[in-house]
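Visitor: Can you walk me through this one? I'd like to start with the open spaces.

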Amino acid sequence: MRECERCVRLGITSPLSRTCASPLGVDEVLGEENLEGVLKRSRSRIAQETPREEGENIAAGRQRRRTRLSAPNSKAPSRYPEALYRCVVHLQENHETLRYVLPSAPRWIRDHMGYFWHLPHNTSDGEATPVWKGMRMAIGSTGYIASASFSAFRDVHPVVAKAIREAPPGPMSDALRSATPVCGPSPAQEAFMDASLVKHQSLRHPNIMSLIGYSHSLEGGVVLIWEFSPGGTLRDLRNRYLRLPAMTANRFGLQLLSALSLLHEHNIAHGNISLDTIMAHSDGHCRLAGLYTDEHNPFVFHRGYYVSPAIAAGAPPTPPCDVFCYGLVAIEALTEHPCWRWATQKDGQPFGAIEESLELIQNGGQAFYDAVVQGRLVANADVFDTPAFAEKYSGLARKTLRSCLLHTPSERPTAVEVRNIVKILLSEGGLACEEDED
């Protein structure tokens, strides 16, 4: 077609094949005049046109096509997805109650490159729940499959903050929704996402999930688009199989420590190590997901009970904090015991009942942080000395895990030191080390 148009512009029309420029109508095909007559009339009309007129017709056709493409189309997706609900969310962080607005989970999003990603249908039976938790599968307009997570911004636009200042948590009323504008990200938040994408792409590692892109399609935060993880999170894996075999746990531990070693080598703390940020892949490897934290991070991190005493006191995450959280993950992944327990008082009695500690752990928040800072709740490292655990794991493994949970950060081993010990444990079990397959 392009070669024919070029010949027309140059006035070379004799060798071209002449046919109708548009499909025949039903009346022309089924009428009294046969098809040959229609084609002859079409050839006669085209033969009377000069090359210049043909060029003008081609240009006019192109302009009409551009006009149709640029015109609003009711069937084409808009730039932002429709939110069935908007919810006011309250979250306690560092002695402060944060209030922000989140929409319901959409059917699609648009990333920073302009590509569309389709999300699975929300099966909450019409319940007004804001966005989603954890990872969700997304199918791109190019056919690529990825995992998507949502992170909420800590800072809220002043107009929105004023509108929801007295609003209770939950779905917005029609009046409140009408009075609360939808605001996009600030320039600082956009700049942070651009820098985060560059940082992730520069820290490539076989045990760190690749950040593919991000989307500002949803108000109140950003959708992070990761490489697809078919095995789900480590929590999903543990719930599916109850307990992980010792060698599988050692391999996953080695791969996680390898990823942490790379981050700490660049003086980067992950700050959100948990069963929900460790992803299992079909190749038998685990990968660490999450945005790396620093003092300029604009997101709200609901860490729950995966915190070190320093983070519970309000300090920013550090590499020793990551090692402490690695020990908490080991407790929850390898045993059936909670990560925290009541400390023992001078009279030999715990500070409370087991049910009370479980409720504190489950709810998290400031009450849990206060109990950790005051020393009433301590990491449950005693489970590493139970007969059932000692039957599966060597003394060196148990001693290493206990050292990760020491209260003083300077007394904990580094991720590299723990990784070297896990290498020894794997070699004793006859398995080769696979964490350095860059």
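Visitor: How does the lining of the largest pocket split by class?
Guide: The lining has 20 nonpolar, 12 polar and five charged residues. Nonpolar means Ala, Val, Leu, Ile, Met, Phe, Trp, Tyr, Cys and Pro, charged means Asp, Glu, Lys and Arg, and the others, Gly among them, are polar. This is a predicted model, where local features need pLDDT of at least 70 and side-chain atom pairs pLDDT 80 or more, while totals for chains, interfaces and linings use all residues. Residues are numbered from 1 along each chain as its sequence is written, and side-chain values use heavy atoms, without hydrogens and water.

Visitor: What volume does the largest pocket have?
Guide: About 1300 Å³. It is lined by 37 residues, and those closest to its centre are W132, K133, G134, F150 and H302. A pocket here is an open set of points on a 1 Å grid over the protein atoms alone, with protein on both sides within 12 Å along at least five of seven lines; a cavity is a set where a 1.4 Å probe fits but cannot get out; lining residues have an atom within 4 Å of a point. Points join across faces, edges and corners, and the volume is the space filled by probe spheres set on them.

Visitor: Which elements supply at least two residues of that lining?
Guide: β1 (86-93), β2 (96-103), β6, β9 and α12 (354-363) each do. β6 gives the most, with four residues. Helices (H or I, at least four residues) and strands (E, at least two) are DSSP runs, numbered from the N terminus.

Visitor: OK, cavities. How many are there of 30 Å³ or more?
Guide: Four, from a search of the whole structure. The largest cavity has a volume of about 290 Å³. Its lining has 22 residues, with A249, G253, Y326, A330 and L334 nearest the centre.

Visitor: Which helices supply that lining?
Guide: α9 (246-265), α11 (319-334), α15 (395-404) and α16 (415-428) each give at least two residues. By class, the lining of the largest cavity has 19 nonpolar, three polar and no charged residues.

Visitor: Switching to strands. What is the order in the open sheet?
Guide: Six strands, ordered β3-β4-β5-β6-β9-β8, with antiparallel pairing. β3 (108-110) and β8 are the edge strands, each pairing on one side only. The twist averages 35 degrees from one strand to the next. Two strands pair if DSSP finds at least two bridges between them.

Visitor: Is β9 mostly covered or mostly exposed?
Guide: Mostly covered: seven of the seven residues in β9 (221-227) are buried. Buried means under 20% relative accessible area, exposed over 50%, and partly exposed in between (1.4 Å probe, protein chains only).

Visitor: How many bridges join β9 to β6, and how many to β8?
Guide: With β6 (residues 145-152), β9 pairs antiparallel over seven bridges. S147 has W226 in β9 as its bridge partner. With β8 (residues 211-215), β9 also runs antiparallel, and four bridges join them. There, S215 stands opposite V223.

Visitor: What do β8 and β9 form?
Guide: A hairpin, with five residues between them. G220 in that turn has a positive phi of about 85 degrees.

Visitor: Where is the residue other than glycine with positive phi, N267?
Guide: N267 sits in the loop between α9 and β10 (278-280). Its phi is near 60 degrees. N267 is exposed, at 67% relative accessible area.

Visitor: And α13, which residues are buried there?
Guide: In α13 (residues 365-373), G365, Q366, F368, Y369, A371 and V372 are buried. Just after α13, G375 takes a positive phi of about 80 degrees. The C-alpha atoms of G375 and F351 are 9.8 Å apart, with 24 residues separating them along the chain. F351 is in the loop between β12 (340-342) and α12. F351 is partly exposed, with 38% relative accessible area.

Visitor: Last one: is K399 buried or exposed?
Guide: K399 is exposed, with a relative accessible area of 57%. K399 lies in α15.

How values were computed. Axes are lines fitted to C-alpha atoms, for helices over the stretch in contact, and angles run from 0 to 180 degrees between N-to-C directions.
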